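Hello,

Here is the structure I promised to pass on. Have a look at it first, and then read on for what turned up.

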Amino acid sequence: MAFLMNQMLSSKLKTFSGGGAEEDGAAAGNGKETPESKGMSREEFEEYQRQLVEERIQRDKDFATKKAERANLRVALRDKYRLPESAQDSATVQMAGDDIDLPEDLAKMVDEDEEEEERDESFLNQLQSMDLDALKTKAQSTMTEMKQTAEEKCSVM
């Protein structure tokens, strides 16, 4: 019974601790993967390595695109709110090229903000174009009329 337990546990402990003579021969001494350590033929292993490199390149490209889109959004928001420009964002957008657009949902949000700002600006323009002196005199005359009416109807005043 002890022999059986020793055999079962020793093999598990060797793989757990990284020890064992068979693993030393399968992996190169410098820790790099080899076709033998993956259980593949040389051609399969080269294909596998090539796929890994292609996936890494695609992942990096997607990351750079997302990063440029975010930088482009920050540039647009800085322009909209008249904030100082960031050299880092400008450089990121230039590195990605001019083909980078805002993500659709973010572009929609920016457009809604611009429409709201235009409505607010039109209201402000109306306020600025109004004759404030005429409004002031009309308000004062209305107050005077109300005061006279109240004095006539109320004996306490």
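Which helix do the buried residues of α5 pack against? They pack against α4 (42-80). Please keep in mind that this is a predicted model.

Helix α5 spans residues 87-96, and its buried residues are Asp89, Thr92 and Val93. These lie on the same side of α5, because the arc they cover around the axis is only 95°. Ala87, Gln88, Gln94 and Met95 sit on the other side of α5 and are exposed. After α5 comes Gly97, with a positive phi near 95°.

A search of the whole structure finds one aromatic pair, formed by Phe45 and Tyr48. The ring centres are 6.4 Å apart and the planes are at 35°, which makes the pair tilted. Both residues lie in α4, three residues apart, or about one turn of the helix. An α-helix has 3.6 residues a turn, so residues three or four places apart point the same way. Phe45 counts as buried because its relative accessible area is 10%, under the 20% cut-off. Tyr48, with 26%, is partly exposed.

Finally, the surface: Met130, Leu132 and Leu135 form a nonpolar patch there, and together they have about 290 Å² of accessible area. Met130 is in the loop between α6 (104-129) and α7 (132-153). Its relative accessibility is 40%, so Met130 counts as partly exposed.

Note on methods. Residues numbered from 1 in each chain as written. Predicted model: local features only at pLDDT ≥ 70, side-chain atom pairs only at ≥ 80, totals over all residues. Heavy atoms only, no water. Patch = residues over 30% accessible without salt bridge, like charges linked within 9 Å, V, L, I, M, F, W, Y side chains within 5 Å. Areas by Shrake-Rupley, 256 points an atom, 1.4 Å probe, with all protein chains shown as cover. Salt bridge = Lys/Arg side-chain N within 4 Å of Asp/Glu carboxyl O. Helix = DSSP H or I, 4+ residues; strand = E, 2+ residues; numbered from the N terminus. Buried < 20%, exposed > 50% of the residue type's maximum accessible area, 1.4 Å probe, protein only. Arc of directions from axis to C-beta. Contact = heavy atoms within 4.5 Å. Phe/Tyr/Trp six-rings, centres within 6.5 Å; stacked < 30°, edge-to-face > 60°.
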